[in-house]
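Please consult the sequence and the model shown below while reading.

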Amino acid sequence: MIELEGVPELIDPVMVAAFEGWNDAGDAASTAVAHLEREWKGEVFAALDAEDYYDFQVNRPTVFMDGGVRKITWPTTRLSVVRVGGDKPRDLVLVRGIEPSMRWRSFCNELLGFAHELGVELVVILGALLGDTPHTRPVPISGTTSDPDLARRMDLEETKYEGPTGIVGVLQEACTHAGVPAVSLWAAVPHYVSQPPNPKATLALLNRLEDLIDVRVPLGELPEDARAWQVGVDQLAAEDSEVAEYVQTLEEARDTAELPEASGEAIAREFERYLRRRDGGRDNPGDRTRPPMPPKPGTDDGESSED
């Protein structure tokens, strides 16, 4: 049994998790959770034992000086709590760490133990993958779940993926088998510019998270960083004719694929998001876990994702 001391009773808690490594292209997902911790001043209340889950030849500890004393930071996964204020406050349990090297089932069971002890109502796992998507277009975000009822209620895709998986997919399935509602949000990062950071993908994940759990995230300098990132990639692409031609091919393919809904649902959804951000309001404050957007037609507008 996990016993937590010093953690107050939480209000409508949602667990938001991200892990560095295979599921974190461009560090977009882990940076998103780090942003939430920083903006809301999250306080770490627990850390998993690094000896249980990490190969230190793969993820090495680091040595640092603290007041003239040498100390070691071990690679691990830490949990913190932040309270989102407003008329209807709620708490987020933030999980940020590194994809474990071993004992994945025990790792997931330990996180689920914390979720159970804290009364978590929903687990949202952030991930990022490399995709054939141009950096000049909005970042595709796919929301998936293994629960068909949750997929209908929260306007998500019911995952049909088969193949190799990472800790995001394993944790989502562990949540499903434990009866804990779980969702994965995936950002598609251009494979030709995969090196971190990717603030545009981080921003897109946070925007989708806002809609999903009905909270307003302070974005700080992220929008400006995202614009600067795109300008920088534009300049790099312009210096290489082959890259520029490839980006144009991706743009044409993306625009053609999105053309059928560009004049209808997509525009309405973006306009609703704009109004929410401008007014700071919520369309349906009584239902915190349902994103305020129109029902989706029988088409798939997301990138295929691994989970």
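Among the contacts in the chain (heavy atoms within 4.5 Å) with a separation of 6 or more, 79% join residues 24 or more positions apart. The model is predicted: local features need pLDDT of at least 70, side-chain atom pairs count only at pLDDT 80 or more, and totals for chains, interfaces and linings use all residues. Residues are numbered from 1 along each chain as its sequence is written, and side-chain values use heavy atoms, with hydrogens and water left out.

The secondary structure consists of nine helices and 10 strands; these are DSSP runs numbered from the N terminus (helices H or I, at least four residues; strands E, at least two). Of the 307 residues in the chain, 47% are buried. Buried denotes under 20% relative accessible area, exposed over 50%, and partly exposed in between (1.4 Å probe, protein chains only). The accessible surface of the chain is about 15,700 Å², and carbon and sulfur atoms contribute 50% of it. Such areas come from the Shrake-Rupley method with a 1.4 Å probe; for residues, only the protein chains shown count as cover.

**Salt bridges**

The whole structure holds seven salt bridges, each defined by a side-chain nitrogen of Lys or Arg within 4 Å of a carboxyl oxygen of Asp or Glu.

| Pair | Closest N and O atoms |
|---|---|
| Arg-137 and Glu-251 | 3.7 Å |
| Arg-137 and Asp-255 | 2.8 Å |
| Arg-152 and Asp-149 | 2.3 Å |

Arg-137, Glu-251 and Asp-255 are linked in a salt-bridge network. Asp-255 forms its salt bridge with Arg-137; Asp-255 belongs to helix α8 and Arg-137 to the loop between β7 and β8, so this pair ties together parts that are 118 residues apart in sequence.

Arg-152 and Asp-149 are three residues apart in helix α4 (residues 148-153), so about one helical turn separates them. Arg-152 is exposed, with a relative accessible area of 62%, while Asp-149 is partly exposed at 47%.

**A buried aspartate**

Asp-24 occupies the loop between β1 (14-20) and α1 (28-39). Asp-24 is buried but has no salt bridge, and the nearest side chain of opposite charge, that of Arg-96, is 8.7 Å away. Here Lys and Arg count as positive and Asp and Glu as negative, without His or the chain ends. A polar atom of the Asp-24 side chain lies 2.8 Å from the backbone nitrogen of Ala-29. Beyond its neighbours within four places in sequence, Asp-24 contacts Phe-19, Ala-29, Ser-30 and Ala-128.

**Nonpolar residues at the surface**

Val-63, Ile-72 and Trp-74 make up a nonpolar surface patch with about 280 Å² of accessible area together. Patch residues have over 30% relative accessible area and no salt bridge; like charges are joined within 9 Å, and nonpolar side chains (Val, Leu, Ile, Met, Phe, Trp, Tyr) within 5 Å. Val-63, in strand β3 (residues 62-66), is partly exposed at 47% relative accessibility. Trp-74 is in the loop between β4 (69-73) and β5 (78-84) and is partly exposed at 38%. The C-alpha atoms of Trp-74 and Val-63 are 9.0 Å apart.

Leu-130, in strand β7 (residues 122-131), is partly exposed at 48% relative accessibility. Its C-alpha atom is 7.1 Å from that of Ser-194, which is 64 residues away along the chain.

Technical notes
A polar contact is a pair of N or O atoms within 3.5 Å; within protein, one must be able to donate a hydrogen and the other to accept it, and residues adjacent in sequence count only if both atoms are side-chain atoms.
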